[in-house]
Amino acid sequence: MDTLDQMRVFVRVAGCGQITAAANTLNTSPGSVSRAIADLEGRLHTRLLNRSTRKIALTQAGEIYLARCKQILSDIERAEEEAGDAQRRPRGKVRVHSFGGFGKYYILPAIKEYRTLFPEVSVDLTLSQSDPGLYEGVTDVAIAATQSGLPDSELVSYLLGDSFSVLCASPGYVQEHGKPASPAELEAHECVILHTPVFPAHQWLLESIKGIEPVNASGSVELNTVESAATAVRASMGIGALPVYAALEGFADGSLVRVLPRFTLRKLNIYALHPSGRYTDARIRTWIEFLRKYFPVITARDSELLEKHNSIANDIDA
């Protein structure tokens with residue numbers, strides 16, 4: 001019997017006033033209860049109980065120790081209840097890591113909607129291209145993107161859906177330099193190069209109903225964030241491959257036009273990742289479940305907006 005179990009037996013004996021009565025409530029034998037008390041006193045080198053044939057009384061040391069035991073056992077019980085409640089009730093803070101532009105356009109709005117459902121959960125969102133620190137315990141859930149499957153690891157992954165980029169230019173750039181009529185003609189144009197861990201850089205893999213066509217893009221401006229690349233394209237610094245969520249805003253306000261509308265850049269799979277473990281807190285579980293429902297809806301909306309823009313642009317060109 002470990003120390004905590006001995007403490008529980010001691011508290012029960014003190015409450016019942018008799019070894020036999022305590023044994024009955026603990027569903028054990030009087031001998032086991034007596035041995036537990038004796039072992040506890042032996043470990044402490046202190047007598048806790050004065051025993052007689054009819055009654056048990058606490059010694060002065062026993063009274064002090066009893067108060068401490070009750071507090072310790074109460075704290076343990078409360079801690080176990082809180083830990084168990086964490087599996088059932090979403091509360092506390094969930095630390096989320098996402099790459100910059102994606103987090104701004106998708107994760108921030110998702111947080112707002114998620115918290116209307118689970119107001120007791122706060123969200124600490126980090127937008128960065130750096131390692132999310134899942135193994136170091138810095139992050140609870142990371143949003144990652146890849147053109148292929150994730151490598152085998154100790155992380156649990158959930159496929160949320162996919163995203164893609166489109167080619168864009170400013171109206172001023174098109175007026176001065178024209179639009180390429182085919183992917184091959186892109187190589188004669190100045191391109192804004194976006195290089196991040198998740199988006200293609202110099203080699204653009206253009207995808208259409210006919211398949212994938214690689215293009216070697218080159219330009220005098222290279223950037224490492226979606227926002228800066230979008231700003232450069234709006235400033236007529238070249239043709240850029242922008243994620244659809246970043247391009248739609250420019251299409252809507254007229255600061256961007258689409259280039260080679262029959263093509264998109266190869267899709268990226270979007271995953272939610274968290275460290276593996278037998279138990280997952282309700283705050284993490286509900287956040288991932290929410291993203292798995294939210295992300296397909298929001299990306300379908302963006303695809304519809306892009307198709308609407310393409311239809312309008314085609315009508316204008318016609």
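Start with disulfides: how many are there in the whole structure? A search finds zero. A disulfide is a covalent bond between the sulfur atoms of two cysteines. This model is predicted.

Select cysteine 69. Its relative accessibility is 0%, under the 20% cut-off, so cysteine 69 counts as buried. Then select cysteine 168, which is also buried, at 0% relative accessibility.

Next, go to helix α1, residues 3–16. The helix has 14 residues. From the first C-alpha to the last it reaches 20 Å, close to the 20 Å expected at 1.5 Å a residue.

Now colour the buried residues of α1: Gln6, Met7, Val9, Phe10 and Val13. Turn the view to look down the axis of α1. Where do its buried residues fall? They fall within an arc of 160°, so they line one face of the helix. After α1 comes glycine 17, with a positive phi near 80°.

Two further stops are residues other than glycine with a positive phi. Select histidine 45, in the loop between α3 (30–44) and β1 (49–51). Phi of histidine 45 is near 55°. Is histidine 45 buried or exposed? Its relative accessible area is 72%, over the 50% cut-off, so histidine 45 is exposed.

Finally, select serine 236, in the loop between α7 (226–234) and β12 (239–243). Phi of serine 236 is positive, near 65°. With a relative accessible area of 32%, serine 236 is partly exposed.

Notes:
Residues are numbered from 1 along each chain as its sequence is written. This is a predicted model: local features need pLDDT of at least 70, side-chain atom pairs count only at pLDDT 80 or more; totals for chains, interfaces and linings use all residues. Side-chain values use heavy atoms; hydrogens and water are left out. Helices (H or I, at least four residues) and strands (E, at least two) are DSSP runs, numbered from the N terminus. Buried means under 20% relative accessible area, exposed over 50%, partly exposed in between (1.4 Å probe, protein chains only). A disulfide is a pair of cysteine sulfur atoms within 2.5 Å. The expected span of a helix is 1.5 Å times one less than its number of residues. The arc is that of the directions from the helix axis to the C-beta atoms.
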